[in-house]
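Subject: Handover of a structure

Dear colleague,

Please find the structure for your studies below.

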Amino acid sequence: MNRITLMVLRNLHRVPGLYGKLCHYAKHTDKYPEEEKWAHIHKIMGYALRSSNVNLKVTGQENLKHNEGFLLYGNHQGLFDGVAIAATCEVPLGIVYKQELKDVPLLKQILTCTKSFAMDRSDARQSLTVMQKVIQEVKNGRNYVIFPEGTRSKLGNQMLEFHGGSFRCATKSKCTVIPVALVDSFKVLDEKGTKPVSMQLH
């Protein structure tokens, strides 16, 4: 059994209600306040985290509660990065993500509800357009997550080189920048089995 299967099985009785409500939010996203949609996503990610046999040490949450219109820049180790961030952040967040994820069930609905933006890394013009949209949204008070490495590192806790263009959003919007360090997040889904693992989010 892998860890994703474990999370699904432990929450099987919750899945119909949680996923059904999420799909409703996504289909009628403009009818509901951002805070209401995020509260539901935050709940789903909380269940995923608590059922995954992951011991998460988190610090700095107070820096997210008292800012509006910020950019969260983090190192990227895998899909569980998003789970950990969303489960521990009470304020709404959008994300800039690779377009290959846009049709993945569950992720698709979450990305729609959070007004996240898909980026085609092979198309410089499209990437620039996405950055311009994020800049405007941040100026309007929304919050976004950007992984400046552009893709997940497959080197454990060793980071890849940052793409300088990813910081254009921060310099142009002149917003608050909150750096995030993820430690051992890769172990959650990369290591086989479901034995307890520890990770950190600062």
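How many helices and how many strands are there in the chain? The chain has 9 helices and 8 strands; both are DSSP runs numbered from the N terminus, helices being H or I with at least four residues and strands E with at least two.

Please note that this is a predicted model, in which local features need pLDDT of at least 70 and side-chain atom pairs count only at pLDDT 80 or more, while totals for chains, interfaces and linings use all residues. Residues are numbered from 1 along each chain as its sequence is written, and side-chain values use heavy atoms, with hydrogens and water left out.

Overall form

Of the 202 residues, 45% count as buried (buried is under 20% relative accessible area, exposed over 50%, partly exposed in between; 1.4 Å probe, protein chains only).

The open sheet

Three strands form an open sheet in the order β1-β8-β7, with mixed pairing; two strands pair if DSSP finds at least two bridges between them. β1 (54-58) and β7 (182-183) stand at the edges with a single partner strand each, so one side of each has no neighbour in the sheet. β1 and β8 (residues 197-201) run parallel and are joined by 5 bridges. The bridge partner of K57 in β8 is Q200.

The nonpolar surface patch

M1, I4, V8, L9, L12, V15, Y19, L79, L106 and L189 form a nonpolar patch on the surface, with about 870 Å² of accessible area together. Patch residues have over 30% relative accessible area and no salt bridge; like charges are joined within 9 Å, and nonpolar side chains (Val, Leu, Ile, Met, Phe, Trp, Tyr) within 5 Å. A salt bridge is a side-chain nitrogen of Lys or Arg within 4 Å of a carboxyl oxygen of Asp or Glu. Accessible areas come from the Shrake-Rupley method with a 1.4 Å probe; for residues, only the protein chains shown count as cover. α1 gives the most to the patch, with 3 residues.

L79 is found in the loop between β2 (70-74) and α5 (80-88), and counts as exposed at 55% relative accessibility. L106 lies in the loop between β3 (94-98) and α6 (107-113); its phi is near 75°, a positive value in a residue other than glycine.

Yours sincerely
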